[in-house]
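This report describes how the parts of one protein chain are arranged. Please keep the sequence and the structure in view while reading.

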Amino acid sequence: MKKIILLICAITAICSCGGSDNQNEKKVREVVEAKLKTEMNDWSSYEFVSLEVLDTIKYIDNINFRKKYFKESIKREKDSPINFSNSIERDSLILIGIDSIQNLMGDKVNEDAAYLYKYKFRGKNKLGAVILEEYLIYISPNWEIIQMTNDRKNLYENPGGFPGYVELVKKNM
């Protein structure tokens with residue numbers, strides 16, 4: 001009897017894990033297809049090919065990226081022959097604010113901030129030829145497109161922010 005219950009629990013766990021990925025894929029496709037409908041030359045020629053998760057960005061990744069940016073900015077400003085004392089003071093305050101936000105977030109810093117997907121589809125171009133397109137897409141946990149590009153060089157190094165960041169920067173500008 002114990003083996004049967006254990007087997008049922010294992011099957012349920014496996015099925016629910018697979019279902020979550022499938023639900024995420026459906027949601028990503030819905031969001032991306034809604035955007036493509038407005039941008040494609042011929043929506044009726046659209047054909048989904050594949051979707052692949054490339055990366056998951058955590059809030060701590062965004063925090064560390066911003067910290068590095070402001071530390072490097074302060075160093076550059078200090079090494080410059082031009083007087084940047086106001087900028088150095090502002091950037092230092094922002095750095096202190098980022099540390100405070102990080103401390104207030106606690107374990108939330110390890111939550112997902114964005115997902116990077118590779119999305120492939122076929123569709124007709126302006127000349128009517130069917131072509132294979134590949135986009136890199138950052139999507140937030142709220143299923144909003146942060147960035148969608150078909151050129152890796154234009155991909156954000158670190159997308160999105162973290163709670164309180166925008167307000168902190170606005171306050172110190």
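## A buried lysine and its partner

Lys 67 is buried, as its relative accessible area is 14%, and buried means under 20%. The model is a predicted one. The side chain of Lys 67 forms a salt bridge with that of Asp 99, with a distance of 2.9 Å from N to O. This pair joins distant parts of the chain, for Lys 67 belongs to helix α2 and Asp 99 to helix α3, 32 residues apart. Asp 99 is partly exposed, with a relative accessible area of 34%.

## Other salt bridges

How many salt bridges does the count come to? The count comes to nine salt bridges. One of them joins the side chains of Asp 112 and Lys 58, at 2.6 Å from N to O. Here too the pair links distant parts of the chain: Asp 112 is in strand β2 (residues 112–124) and Lys 58 in strand β1 (residues 47–58), 54 residues apart. Asp 112 is partly exposed, at a relative accessible area of 23%, and Lys 58 is also partly exposed, at 29%.

A further salt bridge brings together the side chains of Glu 30 and Lys 27, at 3.7 Å from N to O. Because Glu 30 and Lys 27 are three residues apart in helix α1 (residues 2–39), about one helical turn separates them. Glu 30 is partly exposed, with a relative accessibility of 47%. Lys 27 is likewise partly exposed, with a relative accessible area of 30%.

## The sheet

Four strands form an open sheet in the order β1-β2-β3-β4, and their pairing is antiparallel. Which strands stand at the edges? They are β1 and β4 (145–149); each has a single partner strand, so one side of each is left without a neighbour in the sheet. From one strand to the next, the twist averages 20°.

The antiparallel pairing of β1 with β2 extends over 10 bridges. Ser 50 stands opposite Lys 120 in β2. Helix α2 lies across β1 and β2, and runs at about 65° to β1.

## The nonpolar cores

The largest nonpolar core has 17 residues. Those with the most contacts inside this core are Ile 63, Phe 70, Ile 94, Ile 98, Met 105, Phe 162 and Tyr 165. At least two residues of the core come from each of α2 (59–79), α3 (85–105) and α4 (165–171). Helix α3 gives the largest share, six residues.

With residues up to four places away in sequence left out, Phe 70 touches Asp 91, Ile 94, Leu 95, Ile 98 and Tyr 165.

## A serine in a loop

Ser 45 is located in the loop between α1 and β1. Is this residue buried or exposed? Ser 45 is buried, with a relative accessible area of 16%.

A polar atom of the Ser 45 side chain lies 2.6 Å from the backbone oxygen of Asp 42. When neighbours within four places in sequence are set aside, Ser 45 is in contact with Met 40, Arg 122, Gly 123 and Lys 124.

How values were computed
Residues numbered from 1 in each chain as written. Predicted model: local features only at pLDDT ≥ 70, side-chain atom pairs only at ≥ 80, totals over all residues. Heavy atoms only, no water. Core = buried A, V, L, I, M, F, W, Y, C linked by side-chain atoms within 4.5 Å. Buried < 20%, exposed > 50% of the residue type's maximum accessible area, 1.4 Å probe, protein only. Contact = heavy atoms within 4.5 Å. Salt bridge = Lys/Arg side-chain N within 4 Å of Asp/Glu carboxyl O. Polar contact = N/O pair within 3.5 Å; in protein donor to acceptor, adjacent residues only side chain to side chain. Pairing = 2+ DSSP bridges. Axes fitted to C-alpha atoms, helices over the stretch in contact; angles between N-to-C directions.
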